[in-house]
Amino acid sequence: EIFNAAIFSNTLIITFYIALPVLTTIQIARQNTDLLSNLSKQVEDQTYELKLSLENFKTAQRQLIQSEKMASLGELTAGIAHEIQNPLNFVNNFSEVSRELIEEMKEELATGSMQSAVELANNISQNLEKINHHGKRADTIVKSMLAHSRTSSGKKELTNLNVLAEEYLKLSYH
């Protein structure tokens with residue numbers, strides 16, 4: 001029995017020395033698994049945050065692009081309004097002056113001064129020519145805008161370079 005107890009005791013010691021590294025290895029593996037799980041969770045969280053940041057960036061970028069488009073559209077609208085306003089101002093001014101000249105011509109005709117009435121009629125005729133000129137100018141601006149805004153079929157067309165250069169020159173001048 002003492003011999004069996006010694007063998008048992010030695011077996012127990014040997015088992016302890018064998019089992020101890022295995023248990024330690026299992027414990028380290030569990031710790032590594034826990035660390036890997038924590039790292040995986042951290043990577044997952046950071047990936048989510050990066051995706052969220054990227055989506056916020058894309059949204060801000062789209063808003064900035066839209067804002068720039070609206071600013072450009074505002075500038076374009078102001079330029080168009082200015083281009084149309086100029087000939088309209090001429091039309092309005094010359095028509096007002098012509099109305100006043102007609103009143104003066106009526107007075108001159110009433111007093112019998114034909115020479116003054118003829119001069120006033122000539123002035124009215126010149127004003128009507130200017131009204132016609134500036135009216136056509138406004139019409140050309142509007143027609144150009146409409147032609148530019150029409151969608152094309154994508155088909156290539158011949159272009160008169162002289163007309164294109166003239167339009168570009170006029171736009172650059174204004």
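The following is a short exchange about a predicted model.

Colleague: What are the ground rules on numbering, confidence and atoms?
Modeller: Residues count from 1 along each chain as its sequence is written, and side-chain values use heavy atoms, with hydrogens and water left out. This is a predicted model, so local features need pLDDT of at least 70, totals for chains, interfaces and linings use all residues, and side-chain atom pairs count only at pLDDT 80 or more.

Colleague: In which order do the elements of the protein run from the N terminus?
Modeller: Elements are DSSP runs numbered from the N terminus: helices are H or I with at least four residues, strands are E with at least two. The protein has three helices and zero strands. From the N terminus on, the order is α-α-α.

Colleague: What percentage of the 174 residues is buried?
Modeller: Buried means under 20% relative accessible area, exposed over 50%, and partly exposed in between (1.4 Å probe, protein chains only). The accessible surface, by the Shrake-Rupley method with a 1.4 Å probe, comes to about 15,100 Å². Carbon and sulfur atoms hold 61% of that surface. The buried share of the residues is 9%.

Colleague: What share of the contacts with a separation of 6 or more joins residues 24 or more positions apart?
Modeller: A contact means heavy atoms within 4.5 Å. Among contacts with a separation of 6 or more, the share from residues 24 or more positions apart is 66%.

Colleague: Which element gives the largest share of the lining of the largest pocket?
Modeller: On a 1 Å grid over the protein atoms alone, a pocket is an open set of points with protein on both sides within 12 Å along at least five of seven lines, and lining residues have an atom within 4 Å of a point. The largest pocket has a volume of about 820 Å³, counted as the space filled by probe spheres set on the points. Of its 18 lining residues, the closest to the centre are Thr140, Ile141, Ser144, Glu167 and Leu171. Helices H1 (2-111), H2 (114-149) and H3 (161-173) each give two or more residues to this lining, and the largest share, seven residues, comes from H2.

Colleague: How many residues of each class line the second largest pocket?
Modeller: The second largest pocket has a volume of about 240 Å³. Its lining is Glu157, Leu158, Thr159, Asn160, Val163, Leu164 and Glu167. Ala, Val, Leu, Ile, Met, Phe, Trp, Tyr, Cys and Pro count as nonpolar, Asp, Glu, Lys and Arg as charged, and the others, Gly among them, as polar. That gives three nonpolar, two polar and two charged residues.

Colleague: How far apart are the closest N and O atoms of Lys41 and Asp45?
Modeller: A salt bridge puts a side-chain nitrogen of Lys or Arg within 4 Å of a carboxyl oxygen of Asp or Glu. Lys41 and Asp45 are four residues apart in helix H1, so about one helical turn separates them. Lys41 is partly exposed at 46%, and Asp45 is partly exposed at 34%. Their closest N and O atoms are apart by 3.1 Å.

Colleague: Which residue forms a salt bridge with Glu55?
Modeller: Glu55 is partly exposed, at 42% relative accessible area. The closest N and O atoms are 3.9 Å apart, and the partner is Arg62.

Colleague: What is the N to O distance between Glu166 and Lys170?
Modeller: These two sit four residues apart in helix H3, so about one helical turn separates them. Glu166 is partly exposed at 44%, and Lys170 at 47%. Their side chains meet in a salt bridge, N to O, at 3.4 Å.

Technical notes: 1 Å grid on protein atoms, 1.4 Å probe; cavity = no way out; pocket = protein on both sides within 12 Å on 5 of 7 lines; lining within 4 Å.
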